[in-house]
There are 2 protein chains.
Amino acid sequence: MTTPSAPLRIAIAGLGTVGVGVIRLLATNAGIIAARAGRRIEVVAVSARDRGKDRGVDIAPFAWEDDMTALARRDDVDVVVELVGGSDGPALACSRAALAAGKGLVTANKAMIAHHGLELAGLAEASNAPLKFEAAVAGGIPVIKGLREGTSANALTKVYGILNGTCNYILSTMERTGADFAAVLAEAQARGFAEADPAFDIEGVDAAHKLAILAAIGFGTRVDFAGVRIAGITRVRAADIAQADALGFVIRLVGEADVEETPQGARLLQRVRPCLVARGHPLSAVDGPTNAVVAEGNFSGRLLFQGAGAGDGPTASAVAADLIDIARDEVGAPFSIPVANLAAIPPAEPGERTERSYIRFMVKDRPGVLAEITAAMRDGGVSIESLIQQGRSAEGGEVMVAMVTHEGPEANVARALALLEGSDSLAGDPLVLPILPL
Amino acid sequence: MTTPSAPLRIAIAGLGTVGVGVIRLLATNAGIIAARAGRRIEVVAVSARDRGKDRGVDIAPFAWEDDMTALARRDDVDVVVELVGGSDGPALACSRAALAAGKGLVTANKAMIAHHGLELAGLAEASNAPLKFEAAVAGGIPVIKGLREGTSANALTKVYGILNGTCNYILSTMERTGADFAAVLAEAQARGFAEADPAFDIEGVDAAHKLAILAAIGFGTRVDFAGVRIAGITRVRAADIAQADALGFVIRLVGEADVEETPQGARLLQRVRPCLVARGHPLSAVDGPTNAVVAEGNFSGRLLFQGAGAGDGPTASAVAADLIDIARDEVGAPFSIPVANLAAIPPAEPGERTERSYIRFMVKDRPGVLAEITAAMRDGGVSIESLIQQGRSAEGGEVMVAMVTHEGPEANVARALALLEGSDSLAGDPLVLPILPL
């Protein structure tokens with residue numbers, strides 16, 4: 001309970017919207033933060049690409065370093081805040097240098113933590129320096145702390161959620177407006193909800209970075225980004241969303257992880273996929289750029305954490321919360337369990353899991369197509385719960401056939417679709433979307 | 001990062017369902033807990049009223065104390081876990097003794113923390129002993145940690161939520177079945193969702209205990225249970241729920257707190273009331289015994305924490321998470337800010353707040369009643385947005401008149417209703433329910 005009165009001195013690497021947000025937050029809420037942290041948190045130095053750029057905050061009071069790695073060498077800095085981004089390059093160099101110098105590191109960099117988190121945590125543990133990355137997952141939602149401290153007494157059965165605000169904005173806007181993917185993406189880019197190069201978001205990679213971090217903390221396993229199976233949202237059509245709606249579902253990009261005991265030992269399942277989410281499930285009400293994470297513990301039951309998944313304010317809130325933890329000297333192992341004790345669990349083969357699926361085909365409008373598809377389902381061992389063939393399309397003579405399957409092995413769906421491969425009745429690859437269990 | 005290998009030794013006072021749940025959790029998840037806490041957590045002693053009672057767990061391995069205060073005197077105990085309940089009496093005596101002896105205290109006792117939390121936190125701070133009470137608010141949801149650590153960098157504009165599972169179960173069951181309050185309460189008692197003496201729950205006192213604790217942590221103020229304005233759910237009728245439904249709302253018991261700057265200085269508003277919640281608001285989807293807390297921060301934006309608000313498993317999960325924090329030596333001030341620095345803020349006068357309201361009258365079915373009511377509204381300064389008079393009731397000749405007001409000062413509603421006081425057109429007091437802003 002002793003509160004050292006010396007301020008916690010920080011350096012910020014990267015002065016984009018988040019870096020500026022952190023400077024603004026620390027100034028605006030300085031009194032509250034000092035009261036809660038037991039001491040002041042002071043920015044002493046900054047580094048960015050362009051010193052002269054007008055950022056709307058005065059950086060003149062702070063020392064400037066052209067080379068952000070030099071921040072790590074400053075004697076007057078206790079913690080480096082890395083807000084540059086990118087899994088490697090300057091962000092990684094600066095982070096390694098900070099931890100190697102025994103300084104604390106706070107970062108919002110999900111790509112770097114997903115790829116190099118174990119190495120960085122090892123460095124932090126070796127030099128007894130704090131490493132914290134609340135802002136790397138789900139923006140302002142304290143979900144890293146939620147898993148590390150809130151559900152810490154539980155064996156988790158499952159962690160899943162909506163981890164990418166861009167995809168969620170696109171999908172919920174498609175739902176609301178009936179517009180198609182490309183049009184909504186363009187609008188999202190114009191409004192600043194999607195990057196100029198949106199690939200990382202819409203292909204599911206960003207969500208996969210976050211999922212790999214959550215899984216490591218939730219299950220006490222080594223971060224395994226390479227083990228995440230990833231499908232993005234680019235193939236979801238307005239017609240799929242309309243069809244899902246008619247069946248009582250919305251479509252959301254969901255990242256999910258669990259650990260399953262198999263005869264061959266424990267297996268870590270991590271995947272990011274667009275899913276059908278029944279109305280009534282807490283994730284179905286998550287709209288726009290909001291994120292939400294569900295953790296199911298063996299004693300806590302289902303817990304939901306929801307809030308803004310991005311933006312300068314929420315991300316700065318998470319960065320500053322980490323700084324307060326450090327100022328309070330409440331730190332501990334970056335992944336909740338020391339790196340040496342994290343379990344190395346091989347990735348699961350999802351083929352043996354069972355689930356219900358939505359399967360959509362674009363087919364040529366000619367006799368016998370339905371018989372061909374349903375025969376393939378039968379031969380693959382897929383049991384059809386309902387099937388809808390839409391009326392003839394106006395152009396091109398393609399029609400949509402959508403079905404919902406009974407619960408069954410995922411491998412059977414793959415087998416049934418393999419039987420249809422190369423069929424000239426199909427116009428393009430079918431789309432398979434799992435139905436998230438209530 | 002050094003992890004002392006000596007186990008954390010705990011004593012449990014109170015072996016009801018939660019106490020037994022804690023014993024079971026610590027045994028079931030012992031490996032995970034030791035990995036995350038850096039050391040084992042061991043039950044060494046217990047105390048309860050009846051030693052011989054069959055509880056479904058074997059308490060023979062633990063030392064027994066007839067007097068729970070004696071647990072605090074044992075040299076082999078580091079932390080006392082108080083699960084007896086009641087704001088005073090043995091729970092308080094045992095808690096005081098534990099902290100005075102320099103031992104840690106973990107409790108699920110919301111009444112005790114709401115009434116004596118400042119005294120206990122003072123004792124804890126004086127003896128540098130940990131005091132933690134995550135389980136006292138919202139069961140298994142880590143909302144104390146959420147405010148203390150997750151939103152710590154924010155000035156909160158508002159904290160509110162559904163804090164009593166019994167009330168939420170009753171209201172959402174009334175909504176689903178159309179049954180009246182008394183019938184649903186009886187069913188809830190039969191199913192174990194309501195106590196034999198339900199007054200603390202249905203009158204809003206339990207929610208008020210939790211709200212007072214949340215407000216103290218969220219706003220850095222001294223706990224002020226006496227300052228909470230409380231209305232319970234006993235006057236909500238099936239007809240109100242049906243009427244709200246027709247208007248696009250559900251009814252939920254909501255506790256809310258904020259701090260407002262007035263010309264006279266800061267004022268702390270704390271109140272617990274049944275509210276109309278628009279469908280589309282995150283709280284409207286919170287059904288059954290679930291709890292949910294919303295915290296709105298000036299940088300984080302709106303954060304939602306949702307999960308099981310009670311039950312042995314979720315409550316044990318919260319208790320054990322506190323024990324893990326203590327085992328990790330991550331403790332800090334019980335109310336986030338040391339007691340001496342918590343602000344003493346006088347309670348707000350809500351009359352000057354503006355809101356939309358739902359007002360329901362039961363009136364005698366005779367000419368002129370509507371004119372009398374609407375005249376009083378006009379004279380009180382209340383602007384009516386919509387008004388519905390239901391058809392003649394089958395029995396007693398009473399009919400229901402319900403209205404929704406435009407946003408206006410709460411004091412005006414009170415003034416209008418005062419004008420109707422004593423009118424023999426009214427059958428009973430009107431019911432005023434605020435409409436929660438989206």
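Hi everyone, let me start with a term: a salt bridge here is a side-chain nitrogen of Lys or Arg within 4 Å of a carboxyl oxygen of Asp or Glu. This is a predicted model, where local features need pLDDT of at least 70, side-chain atom pairs count only at pLDDT 80 or more, and totals for chains, interfaces and linings use all residues. Residues are numbered from 1 along each chain as written, chains are lettered from A in the order written, and side-chain values use heavy atoms, without hydrogens and water.

On to the interface. Glu330(A) pairs with Arg148(B) in a salt bridge, with 3.0 Å between the closest N and O atoms. Between chain B and chain A the count is two salt bridges. There, 53 residues of chain B are in contact (heavy atoms within 4.5 Å) with 52 residues of chain A. The buried area, meaning accessible area (1.4 Å probe) lost on putting the two parts together, summed over both, is about 4,300 Å², and carbon and sulfur atoms give 54% of that.

Over all chains, the structure holds 58 salt bridges. Take Arg9(B) and Asp78(B), whose closest N and O atoms are 2.9 Å apart. This pair links distant parts of the chain, 69 residues apart: Arg9(B) sits in strand β1 (residues 8-13), and Asp78(B) in the loop between β3 (63-64) and β4 (79-82). Strands, by the way, are DSSP E runs of at least two residues, and helices are H or I runs of at least four, numbered from the N terminus.
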